[in-house]
Amino acid sequence: MTHPHHPAHPTVPTTGAPMGRREHLMLIGLVLVGGALGTSARFALEHALARPAGWPWVTFAINVVGSCALGLLLGGLAGRGADEGPRRAVRLGCGTGVLGGFTTYSTFVLEVQRLGDDGERLLAVAYPLASVVVGVLAAVLGLVLADRLHRRARARRAQGTVA
């Protein structure tokens, strides 16, 4: 399919009918509820675990775990078909909502500023760099795990249909 005004530029194929107002509001509600759940889980972890001076391990771990989980979720959903219907609802409710609320950029930035204000300049540089690099690697790990799970499931289904 090509763009009607620019035939040389392909367009992304659309799937399904346009989203109605009711579906749109339901998806917004899923993001709100998911965000509240994710934020509550992060709040509980941050307050249950001791906050050592220096490297902010709790936020670091939360962001790395959340990145891996998001890669696993999005890879798993992408392998099952188009982003519509229940897959879209899961992506928005769990990905944008729960994992978006669970991971934190604002706390991360405040911790970088705190490290700098406390004179921990090496940590103030290393912490954001390590967070981004390890977070991206964790997301890639999640995508790879999702792909392997899809391959195993397809192989099992193929064996089941052959036998």
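In this predicted model, helices H2 and H3 run roughly antiparallel to each other. H2 spans residues 57-78 and H3 spans residues 85-102. Their axes come within 10 Å and cross at roughly 175°. The arrangement counts as roughly antiparallel because the cut-off for that class is an angle over 145 degrees. Residues from both helices make the contact. H2 contributes Ile62, Val65, Gly66, Ala69, Leu70, Leu73, Leu74 and Leu77. H3 contributes Arg87, Val90, Arg91, Cys94, Gly95, Leu99 and Phe102.

Thr59 also belongs to helix H2. Its relative accessible area is 2%. Thr59 is therefore buried, since the class takes in residues under 20%. Residues up to four places away in sequence aside, Thr59 touches Glu46, Thr104, Thr107, Phe108, Glu111 and Tyr127.

Helix H5, residues 121-162, gives the most to the patch, with 3 residues. Leu141 is placed in helix H5. The relative accessible area of Leu141 is 45%. Leu141 is thus partly exposed, because this value falls between the limits of 20% for buried and 50% for exposed. Patch residues need over 30% relative accessible area, and Leu141 has 45%.

Terms used
Residues numbered from 1 in each chain as written. Predicted model: local features only at pLDDT ≥ 70, side-chain atom pairs only at ≥ 80, totals over all residues. Heavy atoms only, no water. Helix = DSSP H or I, 4+ residues; strand = E, 2+ residues; numbered from the N terminus. Buried < 20%, exposed > 50% of the residue type's maximum accessible area, 1.4 Å probe, protein only. Axes fitted to C-alpha atoms, helices over the stretch in contact; angles between N-to-C directions. Parallel < 35°, antiparallel > 145°, perpendicular 65-115°, else oblique. Contact = heavy atoms within 4.5 Å.
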